[in-house]
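Subject: Structure for you to look at

Hello,

Please find the structure below, followed by notes on what was found in it. Read them with the model open.

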Amino acid sequence: MYRTVPIDQLRPGMYVQRVNGAWLKHPFWRTSFLASEREIERLRDSGIQSVDIDPSRSEDWDAEAGVENAPAEADAAAAIPDPMAPAEAVAVAQSVAAPAAPPAATRRVIVPQVALDAELTRARRICHEGREAVEAMFQEVRMGRMVDAGELVPLAQEISASVGRHPGALIGIARLKTADDYTYLHSVAVGALMSNLARHLDLDEQACADATLGGLLHDLGKACIPLEILNKPGRLDDAEMALMREHPAHGARLLREAGVENETILHMVLYHHERMDGAGYPAGLAPDQIPLLTRMSSVCDVYDAVTSTRAYKDPWDPAEALRCMVSWKGQFDMMVLKALIASLGIYPAGSLVRLSSDRLAVVLEQRPGNLTRPLVRVFYSARLRSHVLHVDVDLSAPGCSESITGIESPAAWGFRDLHKLWAP
């Protein structure tokens, strides 16, 4: 049973099962770890008030230390399927294989039309051109000029075409952004995620086009936010956060002034920070006031945000990000989130995983119909702590005896350029 510990009572050797705070407020890519002096200091500096401890995995635990029982929601979170546990990953795979969906959204498996390597070159070009196009639009706003949203339509079409050829290429490359590139490439990444998710939901052609363009435009209003706030390397204070929260309204206003009349896209731009529990902004909408594409935009926006390098935060591992998002009860439409997991895989491309052979591998791409057994590239022996000859293993192949036993932290192993293994 977990115990809630005030941060001032947290000691090295205690096993932190859960950090009690939203991802914006704490500096960790993962939410479970063995506490050290450095991590405790980072938690205190981030303003976190408490954590949930697992006494059975703690090296330093005193049952009489004055801690209180974990709240019911913490116990519920503990039951959330965790990609680090293979059996639970299978349960997630089964639950997302055919989740309840809107009547018009029949799920389908997206089979790549071209090989990953063949699409990576085009994906890099699209990211480069996309960054330049989004930055140029931001510059137009900052100079007081009217934007032309139509200028991004060709880019949206290229994104959609790339996702159709091989979704893993562009989605993976767009995630590999620096903190300096984040504001602009985030729009490209969300456009790609939206395009892939819309295809997975088998939405009609117009909805797929709206989803992609809406993803590209969703953060346009950030062009009205001072750069010192956008690029601040630390937490925003209350006044700065209030200004930041104005960006959806700025974005919708800019598009309306430019003559955009597509209400689906305008709704995504204005309300992509709304949440299913009514705790979002700017209006605190109820679930029945949030249409499907806007629900999709909120999920895709957060997934790319937490898996990207930010000025104030290191990126989370893709698989861990999905696990955490599932645990944030009430924030997202679970049908949409499960659809995102089904489209990306339990272990998305770029995830670092440990195999049953005690080797480490990076996930290359998914295998249609098998979310827990992707194609991986083995490169390291965890037992010998040394690099090994690279070999690609299709875990879904008949007779393959290897399986994933958990996810690993690239930072913990000192792997700084993991992406070079799957996107050379």
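The buried residues of helix 4 (buried means under 20% relative accessible area, with a 1.4 Å probe and protein chains only) are L116, E119, L120, A123, I126, C127, G130, R131, V134, M137, F138 and V141. Helices here are DSSP runs of H or I with at least four residues, and strands are E runs of at least two, both numbered from the N terminus.

This is a predicted model, in which local features need pLDDT of at least 70 and side-chain atom pairs pLDDT 80 or more, while totals for chains, interfaces and linings use all residues. Residues are numbered from 1 along each chain as its sequence is written, and side-chain values use heavy atoms, without hydrogens and water.

G144 follows helix 4 and has a positive phi near 80°.

Helix 15 (residues 334-344) is mostly covered, with nine of its eleven residues buried. Among them are M335, V336, L337 and A339. Just after helix 15, G345 has a positive phi of about 100°.

R3 lies in strand 1 (residues 3-6). R3 counts as partly exposed because its relative accessibility is 22%; that class runs between the buried limit and exposed, which is over 50%. Between R3 and Q17, 14 residues apart in sequence, the C-alpha to C-alpha distance is 9.4 Å.

Regards
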